[in-house]
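Let's take a walk through this one, strand by strand and ring by ring. Have the viewer open as you read.

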Amino acid sequence: MNKNPKKINLTSNDSLFEKSLNLQKYIEELSSQSIDLDDKFSFTWAGKSNAIKSVLIPSKLTLNPKPEESIKWNESENLFIEGDNLEVLKLLQKAYFEKVKMIYIDPPYNTGHDFVYNDDFSSPLDNYLKQTGQKTESGESTTTNKETNGRYHSDWLSMMYPRLKLAWNLLREDGVIFVSIDDNEVHHLRMLMDEIFGEENFVANIVVQTNPRGRSLDKYFAKTLEYVIVYSKSNDAKDVIYEVQKSDKAMLEYDKVDEKGQFRLLELRNRNPVFNRGNRPNLFYSIYTKPGSGKASLKKDSEYSVEILPLNSKEEDGCWTWSKDKVQNEIDLLVCKKASTGAWRVFRKDYVPEDGATTKEKTLWIDTSVNHEYGKEELAKIFKVSGSNTPFDFPKSIELVKKIIRSGTKSGDNHIVLDFFAGSSTTAHAVLSLNYEDGGNRKFIMVQLPEKLENKSKNFSTICDVSRERIRRVINGYGENPQPIDAGFKAFALTESNYPENTFVFNPEKSSEENQEVFITYLDKAKQSQLFDKENDISIIYENIVKEGLSLNSKVNKISLGKNNVYQITDGEQQFFVCLERKLTPEAVKALTDKLYKDKLFICLESALDDTMAANLALNLDLKTI
């Protein structure tokens, strides 16, 4: 037997399965190979190793604050970030590690015509500037993933893998992710999610009727459905998925009231025929009642003389749903009734909880409010246009996303909802709307690539322009009966680093010496004076907030130390200080050596300190220089 057999390559462009199947050729090649009995099931694709490595490549970009595009900048904790979501997710890793309760994304479905992120892991900055039209005149804003491409599925998987992997890091232990998808990639998505989140953490595959009339262009069947795939961070965590409020119709069951409140009667006998005296002998016992009283007892006496057993309609032995101990402890909740057949039945009182009666959400969603047409109508209402002139072609229904958020978050717990394929920001709209309805304080983080819109007559250049404007209009109120919402959001944009060394790109075709010479020349031309530009201060401050792993909702205050202005950045118990002035005065140095600043991080320009100042500060502070 050949000790080093040639493996059949099922993932290359030349593989038998990527092209039309040549059965004879396949049989010949297979018969010439030895069978490896140790082979195990695995999921792979062309480019997977690079996709995995890309997760570890740090971003050289930064997030630039845009207060002028925001609402209530100093108050709101909602975030909208314009930029490539792969780079943004990397920048959020420190500050938001295990802090996000719920993620919802609606990624490209890979239909052959929709947008696919064109990642270039070797030069993310150069690639991002090209994609967004910031580098070349023609730009390379988007690409489509044609079915004729030999790596049709592989490209989509390579795009999704690093983003989902980084998203996994951001989820809390009780976190959950919902992903919208259709038939094109649902099978691959399940395998990808199994690999990243773990097969044991699969929660559900929700079927959503998004197009009740069906797609007439489909070849064989007019498809009406899409899916929402759900995974938890850990299936051992509590409160991963929340039950939802019962409908008004379901609440009609609670038709009785006593001094303890509103309730319904549920039969104590287990009505599932699978469970009976044979396999649940401890749940088969006698309960006694006093005729005419409705009361129950576990003891038989002269008053409680009627025996009731858990028998089904055929008089066969079943079982109770409660143990004897539970019945004894909660005997006051039991009600005994005689049926019209003459048989006795035992019921338990099921009260409406203080926060309302809830139920598990079903996995088939066919409400008319979750279909795509509803989403388009809502967007048309927001922008005061007809449905055919909406600035975004395929918005998800806000009711669909609200339904998802109700399952993944709780209104009063400051839960963070992340959507890094934000589109027109239906998710932000849903969060704001739900908070308005139930008084909740959920926060959102939206991330969207500034993909250029083809129809310039719609008054918006990019999807991000549409997204931000939608959030503004929702907050300010829209429609015939506008309802302003007391909320806001902070806007950021992914941009080049303020530090020139972060934007230098190593050229692998040149030697180390040549690259070093180019780098020195680059630094000379980089105009470090930009760091002294007062108008640029806030951008540098936020770059350091990101670098140090503090929240983008950190409080930034300007204080005076001697004759120097110093920024004080606070995020909960974390705090650091930044001074961007050309020279640090002796008075400021003296103030910073006070015990009040002991072990605090202080960042300033290297040229602002002499050696003595630096030595004195380093004794008291965690000193970093730019």
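Predicted model: local features only at pLDDT ≥ 70, side-chain atom pairs only at ≥ 80, totals over all residues.

## Strand E7 and its two partners

Start with strand E7, which covers residues 202-209 and pairs with strand E8, residues 225-232. The two run antiparallel, with seven bridges between them.

As a general point, strands of a sheet pair through backbone hydrogen bonds, and the pairing can be parallel or antiparallel.

## A three-stranded open sheet

Next, look for the open sheet built from three strands in the order E13-E12-E14, with antiparallel pairing. E13 (296-297) and E14 (306-308) are the edge strands; each has a single partner strand, so one side of each has no neighbour in the sheet.

Strand E12, residues 287-289, is joined to E13 by two bridges, and the two run antiparallel. Within that pairing, tyrosine 288 sits opposite serine 297 of E13.

## Aromatic pairs

How many aromatic pairs turn up in a search of the whole structure? The count is twelve. One of them joins phenylalanine 263 and tyrosine 351: the ring centres are 5.3 Å apart and the planes meet at 55 degrees, so this pair counts as tilted. Phenylalanine 263 belongs to strand E11 (residues 261-267) and tyrosine 351 to strand E16 (residues 344-351), so the pair ties together parts that lie 88 residues apart in sequence. Both phenylalanine 263 and tyrosine 351 are buried.

Phenylalanine 383 and phenylalanine 460 make an edge-to-face pair, 5.5 Å from centre to centre with 80 degrees between the planes. Phenylalanine 383 is in helix H10 (residues 372-383), while phenylalanine 460 is in the loop between strand E20 (443-448) and helix H13 (463-476), so this pair ties together parts 77 residues apart in sequence. Are these two buried or exposed? Phenylalanine 383 has 7% relative accessibility and so counts as buried; phenylalanine 460, at 14%, counts as buried too. Elsewhere, Phe43, Trp45 and Tyr161 make up one aromatic cluster.

## Lysines over rings

Phenylalanine 263 comes up again here: the charged end of lysine 349 sits over its ring, 5.1 Å from the centre. Lysine 326 does likewise with tryptophan 322, its charged end sitting over the ring at 4.8 Å from the centre.

Threonine 359 lies in strand E17, residues 358-359. With a relative accessibility of 27%, threonine 359 counts as partly exposed. Which residues does threonine 359 contact, leaving aside its neighbours within four places in sequence? They are Glu243, Val244 and Lys246. Threonine 359 and glutamate 243 are 116 residues apart in sequence, yet their C-alpha atoms are 5.1 Å apart in space.

The other one is serine 560, found in strand E22, residues 555-561. Its relative accessibility is 54%, so serine 560 counts as exposed. Alanine 588 is 28 residues away from serine 560 along the chain, and 8.4 Å separates their C-alpha atoms.

Conventions
Residues numbered from 1 in each chain as written. Heavy atoms only, no water. Pairing = 2+ DSSP bridges. Helix = DSSP H or I, 4+ residues; strand = E, 2+ residues; numbered from the N terminus. Buried < 20%, exposed > 50% of the residue type's maximum accessible area, 1.4 Å probe, protein only. Phe/Tyr/Trp six-rings, centres within 6.5 Å; stacked < 30°, edge-to-face > 60°. Lys NZ or Arg CZ within 6 Å of the ring centre and 35° of its normal. Contact = heavy atoms within 4.5 Å.
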